[in-house]
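Student: I am new to this structure and would like a close look at one part of it. Please pick a single spot, tell me what lies around it, and then carry on from there.

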Amino acid sequence: MSAKTERLLSLLNGQPVIPVLKIANVADAVPLARALARGGLPAIEITLRTADALEAIRRVAGEVEGAIVGAGTILDARQFDEAAAAGSKFIVSPGITIQLLTAAKDSPIPLLPGAITPGEIMAAREAGLRFLKFFPAEQSGGIASLKAFASPLADVKFCPTGGITGKNAADYLALPNVICVGGSWVAPDDMVKAGRWDEIEALARAASQLAR
């Protein structure tokens, strides 16, 4: 296992669910991260799917003690560098490319790239990565696919994301090659928009207690 894989695993520190967040209003970033951290989910992924995503990462990194903020939906080396400069502790990508692998190789920030085919998983493995995002999980065979990978790719672990909910998360977490899952159900859009931080904290607490 590479040092960066070990660093990424230590950052996530046994957290069963990584909240995947799309921040529409940058003012929500800090109270949302605080609510999730209070509920036992300090490691969060803020996706670069909105105009304010980098500013949201900067604010959480600078203002939320104990938060471990990562950047998601990183598509190229430029975004990798911007997210790292904003304070991201880890980088998540929906897929794997030579450009991203090169950017990650030259950076102390660990990369969690997406991989869903044996070839993609093997390419990541050749680059020294043993912990990968399995995305989009439900649309790519879900639990059945991950079970099939467990024997031929026994030293690779996954964080399935995409279609993971409070109803199926425990089934994914029961798999021997799944470290954690990523999901947005712990921070529903309507609760975030209304500032219902106590309810989000409760959802996070329930998710933090899912068996691994």
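Tutor: Let's start at T47, which touches V20, L21, K22, A53, G72 and T73, leaving aside residues up to four places away in sequence; a touch, or contact, means heavy atoms within 4.5 Å. This is a predicted model, in which local features need pLDDT of at least 70 and side-chain atom pairs count only at pLDDT 80 or more, while totals for chains, interfaces and linings use all residues. Residues are numbered from 1 along each chain as its sequence is written, and side-chain values use heavy atoms, with hydrogens and water left out.

T47 belongs to strand β2, residues 43-47. Strands (E, at least two residues) and helices (H or I, at least four) are DSSP runs, numbered from the N terminus. With a relative accessible area of 1%, T47 is buried; that word means under 20%, against over 50% for exposed and in between for partly exposed, using a 1.4 Å probe and protein chains only.

One of the residues T47 touches is A53, and helix α3 covers residues 53-63. The axes of α3 and of helix α2 (residues 29-38) come within 9 Å and cross at roughly 50°. Axes here are lines fitted to C-alpha atoms over the stretch in contact, with angles from 0 to 180 degrees between N-to-C directions. From α2, the residues in contact are A29, V30, A33 and R34, and from α3 they are A56, R59, V60 and E63. By class, five of these are nonpolar, none polar and three charged.

Now for some aromatic rings. The structure holds three aromatic pairs, where ring centres of Phe, Tyr or Trp (its six-membered ring) lie within 6.5 Å, and planes under 30 degrees apart are stacked, over 60 edge-to-face and the rest tilted. The rings of F134 and F158 are edge-to-face, because their centres are 6.0 Å apart and their planes stand at 75°. F134 sits in strand β6 and F158 in strand β7 (residues 157-160), so the pair ties together parts 24 residues apart in sequence. Both F134 and F158 are buried, and together with F149 they form one aromatic cluster.

Finally, the loop between α6 (118-126) and β6 (131-134) holds G128. G128 touches S2 and T5, again not counting residues up to four places away in sequence. The C-alpha atoms of G128 and T5 are separated by 8.2 Å, although these residues are 123 apart along the chain.

Key: Nonpolar A, V, L, I, M, F, W, Y, C, P; charged D, E, K, R; others polar.
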